Each structure stands twice: as structure tokens, then as C-alpha cells.
Amino acid sequence: MGANLFVNYGEAVAAVLFGIGFGNLLLQKNLIKKIIGLNIMDSAVYLFLAEKGYIIGRTAPIVTGGVQSVEAYINPIPSGLVLTGIVVSVSVSALMLSLTIRLYRRYHTLDLDQISLMIKKEEET
Amino acid sequence: MDFICNFPFFSILISLFSGTICSVLPGKAAKWVNTFVIVLIGAMSAALLWYLLGTGESFVYMMGHFPAPWGNEIRAGVLEAATALFFCIVMLLSMWGGRKKLMEEVEPSKHNLYYILVNLLLSSLLALIYTNDLFTAYVFVEINTIAACGLIMIRQIGRTLEAAVRYMIMSLVGSGMLLIGICMMYDLTGHLLMSNIQESVTAIIEEGTYVIPLVMAIALMVIGLAIKSALFPFHAWLPDAYGYSTISSAAILSSLVSKGYIFLLIKIIYRVVGFRIFHDTHIINVLFVFGLMAMIFGSLSAIKENDIRRMIAFSSVAQIGYIYVGIGLGTQVGMLASVYHIFAHAAGKALLFIAAIGLTDVSGFSRKFIDLTGAGYRNKIAGIGFTVGSLSMVGVPVFAGFVSKLLFAQAAVNNVGKMLPTLIALGISTILNAIYFMKTVIRIYTPRPDAPYESVAIGKEKLYAVSIVLFIALNIMLGMSSQPVVDAIHAGLEMFG
Amino acid sequence: MHESMILMLPILVPVMTGLLLLCMPAVKNRKVLIGITAAGLIVTAALVFFVLFQEADSFTFFYLTKSLPVYFKIDGIGRIFVTVVTIVWLSGGAFAFEYMKHETDEKRYFGFYLIVYGILVALDFSGNIITFYLFYEMMTLLSMPLVLHTRSREAVMAGLKYMLYSFCGAYMVLYGVYFLFRFSNTLTFTAGGVLNQELIAGREQFLLFVVFLMILGFGVKAGMFPMHGWLPTAHPVAPAPASAVLSGIIVKSGVLGVIRTVYYLFGADFIRGTWVQTTWIWLTLFTVFMGSMLAYREKLLKKRLAYSTVSQVSYILFGLSMLDQTAMTGSLLHVICHAFIKCTLFLCAGAIIYKTGKTRVDELAGIGKEMPALLWCYTIVSLALIGIPPTGGFVSKWYLATGALRTKLPIVSWFGPLVLLVSALLTAGYLLPVTIQGFFPGKAFDYTHLKKKEPNLTMLLPVIVLTVLAVLVGMFPSVVTDYIVNHISGLF
């Protein structure tokens, strides 16, 4: 078990990072920290994917210098997935940030619980 | 391959493109484009459904030029086509019913944005329904989330912004889990296409190696989707999101968005994991237990609520619990009941939301029960609509809800171990449903002597009236002649394999 | 169009007329309203009797799902019930034409009154348990507007209570149906039961539980302990003609449900001698006694009558629980008698409220001097309910008691009739004081302010007709009992 963990250290790091990101996204009060948590979580997934696609001693699947052999390159699909995933996570982060800006302009705080309280007060008056 | 086999691809693409086009159109033109696109896609889905019922087997549609293990695929069967058709109908009616409200609540400059979001949402739902590729499913899950978040926050008041943030956070937690689950699945099987994964999964189970990681991957995917579809106890974002967004959004979110995820989940269960293998993991029991809890606690929260729209939203929590209980029963009949309930609940809940807005509008825009007294007389069509929706939710014969209850009970009776808890929860939840819905119905039909609010004539809001009437018809149709629908679902599930 | 479509007419006509009334814009002229209602009632009644003598006696309306048709079939029990419903419904309607003058929203009242009539006809004609359940639920929902007609806070709460109890009951029944669906060949009512003997082998105890659940479920509507609580709340708040039909007819639909369940789905033999039968008997006996006791202590006249219903309907259930032909004959006879009697009693109470506004029993001193004809009717039907010959109540109770004695069950075969007897004494105790006070208010009573307040003919006639019927059933019981015995002999 422990040996496996050491051999697959990339995956192990990815799992730890995922946990950190996940915890931050859920537990942080500050919205910006939540978004950072989200990004850590997503990055962990990309690390995991990249680690899975990597084969020792080979290069990125970009045809250079006329080398056509499949043996020379790593598995390209995970790389493709990572790229797609990055696009998705960028757009989601952008949306979250824009929402955060909206809320901050209105309530001048980044704490979600405080915002809730302020909204309740706002409605009562 | 017949030309009609292009329809799933066309419908996804048309809605995606029309969303792009809407961004440069003025609000009014965007509205027409949106209506036209939904009708067109509905018609295409209907044609596809008819075609598939004729041929009796599903087909796989290759996207691009790469064949099976590498390329991307679309798969269409009876269930997919039927769901697409149904989603189009509900979406169109929800848009009609909430149109006037949308004009009032959203700034005029942002009207076309709303239609962009709706088109995007439709395309992502269709993609979730049709895709045969797990990673594509993940991408469209995210698009769906973004579009849904936009639908919530387009009405810019504090509550919706907060609800949108909460919704986003919960959704991202869910999609993060879904993503890591998919990656692990890919890691284990080396495939992303559902049919290929299933073969590998079967092989893994037979060999007995890597079973724990496999179960882990399945669990992550299932729980991710469960979080996204607001299964108890992950429903904290739901009441505000459904309760304060503009009414079309609320109707669409409750009846379609969460159902899209559940549909994907069912697809994963059948097409990725395989029904038998999924049944043998213990995840199914987890879903079952949370479903039962949702049924009861959702209804309890709804009873305590003093705000009609939040009450309806909490009722959604309970209804989603029903669906998960059906899945958790782990039988074909239970799954059938769940799918039927997806339809029945979509028809009923959208109707309730649309009718509720008519009632609150004639009560000084207040959503408190005390102000709603007699609202059924002030807006007659909304009153009738709300009554029908309530009866359907309570499960009175003739309406859609009754048939799904019947199916659930049938499924429960066939599963000896889970029979008693299901039936008891079903009973409690039904009684609780009856309490809060009937309480509301009586309230809106209790006359008010002082008459502080104006009433609205039916002729004045024609589109609204039409949408409610059609919703009522949909509910009664599902309740009275359920057999064709049940048959279609059955055939569709058979095609899933 | 199929010939047997004609079965649908007595169901559709009143429902359509009722819907017409509900959707109609408000009319100034009351006569139009009354005219439509009267026409609807009379045409339906004519259709009902026409249909009863038709060749075709079954009709499938549509299929809910492939194995669950909505199916109508007329049989002996259905004929008895539908006849009673029609008579009482016409009388209640005629009475309401005058009475409803002092209530508001007449249009809504008559609309729902007609619709419920149609639903009840459908209920009596139902040929399988799904159809029965469908109309049973509809009846609950559609009769609710009658209960909460005044829509005072009290009435609304009573309506809610009525609905909740009914739903609880209905769902208990529905659960039964779920299991029945699994363990039976068909859900169509068949004399002697539909259980699939192979499937149930080894699961008898479980199915006994199911049948008990269903009896309790239908027992809710019939006001059987422990779920009788809604009845004394809901019946008195409704307008008097509505209470009359609620107490006279709607509770009987619960009885019909029990008959269908026990005799037509599970079969009498299945529960004979089991714990279900014993528990059921004791529950009914307890309800009989408790209802009478509570009625005896109640001061409001309408509420007293409602408690009396609790007690009397359990007489019927007691007869059914004996699983004996004679006892069941008594039960069915009591269904008829009690419908006529309780309807008359409530109508009398209504007429008194309408004319004098008095609701408490102790206010009614001297009432007999003011409205002698009405109080005579009241007295006669009271005697009938107590069971004094030659009225209907006597015959039905006679059959009930002899039936019980015939069964030779331990204890209950003699204890049951004893309870019935005690309850009859209590019945006398709670009904007759009105008569005594009414006719003989005592020396101290001040006669000077009394005026003639006899209600007019529209109100009085239904009361008299029902009274006469209640007596006639007692004088010529063989007509009815022969018919009943003919039709139920196949059940044992």
C-alpha cells in the first residue's frame, strides 16, 4: 500500500490537492477563498489526468522533426481532456468572480453568511 | 442510415447556435427565435420518437470521422427522444407562462440575454440526454450549471444573487466529484465512450482486480450528480434559487435542470456501470436512504414554510427524493417509476410555479399565505391551475402524480427488503403533501370580505392562460392515459440494456 | 358507440350539470338556478332507475394502465346503494331549495351537490377496486366544498380535518390495493374473493394484516373507532341539507367499501375466525357504545346527531363483521333505514335552525307547539332509530341481533346484541328529550310568545316522504330482505 503510494506519488499529490480544494470550496467563508479552493480542486484533477497520460521517457504528442512513430509520444487523450477541462474551469471561475464582484458592490463584504444576514435585514425594512 | 438520425445532432447544434445568434438580436426578435427553436426541436424529437418506436432499436451516431474507441458519439433511443420531446414541451410552456413576469422583472436591455441562456440550457440538456461520451457529458453538465446560474441571477435582487452563489458552490462541489469520478473511470478502463467503458467494467468485475477503485469512481460520479440534483441533504441552495428567481427560471430549474442530471445518472447506471453491477454495489442503498429522508424532511420543511413559492420549492426536495427512492429500489420497475416520476413531477411542478405567480400577483405581490386569501377568485385560471397541480402532487387519481405513486408502490411491493420503509415513507410524505397543498388550496378559495386587491380577467393575459390550460391538459393526459408513456419508458429502458 | 355506454349517463349528466352551474356567471334570478338543479336531479334519478333495469350491466370506460381498467358493473349491492342515494339525494335537494335561501353561494352549493351525486352513482356502479378508489377519492375532494360551505374559520378547519382523515383512510386502502394487486388474479369485484390461492400460500398472516388495513381505511369514512374524530367535527358545520346527505350517504360509501373489500375481494372465508374478525368486531362494538355515549352527553343538536351517526354506522359494520348472512341482511337493511332516518333527523334540525335559529337541545322547549308536523316526523324517525316496531330500525336490528346469535362466536354472539340493546336505550335517551321537551315543555313554560312557525311545503315534504319510507320499510320488510338475501346468498 505504502509502496504504491510512493510509486504513484503524482496521483497521491493530486488526491491530497483535491481534498484541500474541496474543503476550501465548502468550508471557507470568504468567497474569493472559495474560488481559490475551486481552482485548486480543478487543478488537482488536471494533475491526475496528466499523470495518467504520461509515459516515462516520451514527449508531448506534437509532431516535430518528422518523428512519426507512436512509440515516441505520450497518450494524447488526457492532454486533450485537460485542455477542455481548463476551458470549463476558467469560464466557471469567471462567472463566480463576476458574481462575487456584484455581491461585493452591493454589500461590501465577501463573507457569505454576513451577506445573508444583510439581505434578510434589507427585506425586513 | 436515415436522414432522421441526424436529428439529435441537429437539435443540439441548432439550440447552441441560436443562443449565439440571440446575443446580437434585440429582445423581441430573440424571443421569437427562442420560441421557434424550441418548437422546432420539439417537432424533431417527436419525429425521432416516432421513427424509433417504428424501428424498435436505438442507433449510435458518429460525431466526426473517428470510429468507436476514439471518436465522439451520440446515441438515441426511445427514452432519449421521449425525454427530449417532453423537456421541449415543458420548457415552451414555462416560457409562455412566465413571459409577462419576465418583462416586468428583468431589465429590458437584458431580455435577449435571457433567451441566450434558455437556448444554452436547452442545448446542454439535449446533449446530456443524447451523448454517449462521459467527458462530453461533464462539459455539458458545466454549461448547464452556468446557464442555470444565469437564469437565477438575471433578476437582480439580493436574494437571487446570494442564491446564485450558493447554487454555484454546491454545483461545483458536485461537478468536481463527477469530474474526478470520470477521470478515475477513464484511468481504470481506458475509455470515455459509455459502451466501451461498460465492457471494461464488466471485465474488471469478473477479474476481481481494482474493484475498490471502481466502486469509488462510481460512487464519486453518483454522489456528484446527486448533489447537483439537490438530493437531501444537499438542498440548502434550492429554496432561495427556486423561490426568488423569475418564474420561468424557477419552473425550468425545478422541472428540467435537476431532471437532466438525474437522467444522466440513470444513463450512467445503465450504460456505463451496468444495472446489475450497480445493483450489487452498496451505493444503491445510500441513494435509497437519502431518498427516503428527502421525502419526509422535504415535506416537513414545506409544511413549516409561510411563503408559497418556497413551499413549492421544498416540495421539489421531497419529489426528488421519490425519484431517488425509485432508483434505490434497484429493480427495473423502480427505475420505470422514477423515470415516470421525472415526467409527472416536471409537468406538475412547472404548473405549480406558473400558477403561483398568478396568485401572488393578484395579492399585492406578497407571497405570504395570509395575503393569498381568496386569490383563486381574483385570478381564476391561476387558481384552477394551482388546484390541479396540487392534486397531482398529492397523488389524486386522474392526475399524473397518482400513476407515479402507483408505479412506486408496485415497485416497492416487488422488493421485499425495502418494501416497508418505502411504503411508510410514501404514506407519510403523501399525507404531509396533502396537508400543505390542500391548506393552500383552501386558503386561495377562502373569500376575503375587504377585497383590497384587484382581480384579473382571464382574457387579459392570454398567453398565461394558454400555458396553464396546456399544463393542466398535460397533467391529465399523463394521469389518464399513462400506458403509452409507460410503454415508451419501458422500451427505452430495455434499449439501455 | 356501444350500447352499454348508457351506463355512463347517470354519472355524466349530474357531473356536467354541476359543472355548468359552477361555470355559469352569477344569476340574479334564483329560479333559474333552482330550475337547473331540479332538472339535473330529476333527470339523473330517472336515468338511474332506467339504467337499473337495462340488459347491459357492465361497461369499461377507459384503461388507466393496461391491467387497470376503469370499469363499471351493476350488481345487487350496487342497486341497493344507488337507490338509497337517489332517494336521499332528491329529498336533500328539495329541502335545500328552501333552506339555502339563508346561506350565500347557492350556485356553488348546488353545483357540487350535483357533481357529488354523479360521483356517488359511479361509486356504487364501480366494478373493480381501482375504479372504486378513484371515485372514492373524488368524492372526498368534491364533498369538501359542501362541508366548508360557510367558510368560517371553524368550517375550514373542519374541512381540513375531514380531508386529512379521509386521505389517511384512502391511503391505507391504497396500500391494501397494492398488495392485493400482487396476490390476486384480478381486481374486479367477484363474489367470494379474488385471491390467488397459490400466491398467498404461506403469506396468510401478512394478507390478514392487509385486509385489516383496508377495513380500517374504509372505516375512516364510516366513522369507526379509532378514526372517527372527523365526523362529529365535519358534519355539524355543513349546511343542514349537506349534513343530512353527508351523514346519510357519504359515510355509507365507507360501508360499501368494507363490503367490497371483505366479501368481494378477500372473501368472507378468508377472515372468518381470524384475529382480524375478532378485532374488527370489538372495534365496532366499542364504537357503537362510545358513539351513543358521546351523543348522550352532547348539547348541540346537530353534533348529537353526528355522534349518533358514529354509533349507528357501526351497527352496520358490526353486522358485516359477523360474516353471517342474516347479520349482513340486517346490515344492508340498516344502511337503508339509517340513510332515511339520519337524513330526516338532520333535515329536522336544519328546519329548526332555519325557522328559529336555535341549535342547542335545551333551547328547544315548546318547539312542538310551534312546528307540530316537523316534530312528529322527528319523533317517528327517532323511534325508528331506537328500533321500536313497526319501523325499519326494528327489523334491521332484529336481523342484526339474530345474525349475531346465530354465529355462535364466543362472547360476542351474546355480548354484541347486548351492546346493541344498551346503545338503543342510549339512543332513546339522546333523541327523545327533544320530543318530550318539544311537546311538553312543562308547567313553568311561557306559552304566550309561541307562534306558528311550521316550515313551508318544500321543506316539509322531503321530511315527510323520508319518514314514511322509514316506516314502510319496517312494515313491509320482506320486499327488501328478499331482494337482499337473493343477492348476498352467493357470498357465504
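Visitor: When are two residues in contact, and which chains share the most contacts?
Guide: Two residues are in contact if their C-beta atoms, placed from the backbone, lie within 7 Å. The structure discussed here is a predicted model.

Visitor: How far apart do the closest C-alpha atoms of chain A and chain C lie?
Guide: Chain A and chain C are joined by no contact. Their closest C-alpha atoms lie apart by 29 Å.

Visitor: Which element gives the largest share of the side of chain A that touches chain B?
Guide: This contact takes 28 residues from chain A and 21 residues from chain B. On the side of chain A, at least two residues each come from α2 (9-27), α3 (31-53), α4 (76-107) and α5 (112-124). The largest share is eleven residues, and it comes from α4(A).

Visitor: How many residues of the side of chain C that touches chain B are nonpolar?
Guide: Chain C gives 23 residues to its contact with chain B, and chain B gives 20 residues. Of those from chain C, 13 residues belong to α6(C), the largest share. The side of chain C divides into four charged residues, two polar and, as nonpolar, 17.

Visitor: Which residues have the most contacts inside the largest nonpolar core?
Guide: The largest nonpolar core has 428 residues. Leaving aside neighbours within four places in sequence, B:Ala347 is in contact with residues including B:Val90, B:Phe471 and B:Leu478. The residues with the most contacts inside the core are B:Tyr340 and B:Ala347.

Methods
Residues are numbered from 1 along each chain as its sequence is written. Chains are lettered from A and ligands numbered from 1 in the order in which they are written. This is a predicted model: local features need pLDDT of at least 70, side-chain atom pairs count only at pLDDT 80 or more; totals for chains, interfaces and linings use all residues. A nonpolar core is a set of buried Ala, Val, Leu, Ile, Met, Phe, Trp, Tyr and Cys residues joined through C-beta atoms within 7 Å. A residue is buried if 20 or more other C-beta atoms lie within 10 Å of its own, exposed if 12 or fewer, and partly exposed in between; C-beta atoms are placed from the backbone. Helices (H or I, at least four residues) and strands (E, at least two) are DSSP runs, numbered from the N terminus. Ala, Val, Leu, Ile, Met, Phe, Trp, Tyr, Cys and Pro count as nonpolar, Asp, Glu, Lys and Arg as charged, and the others, Gly among them, as polar.
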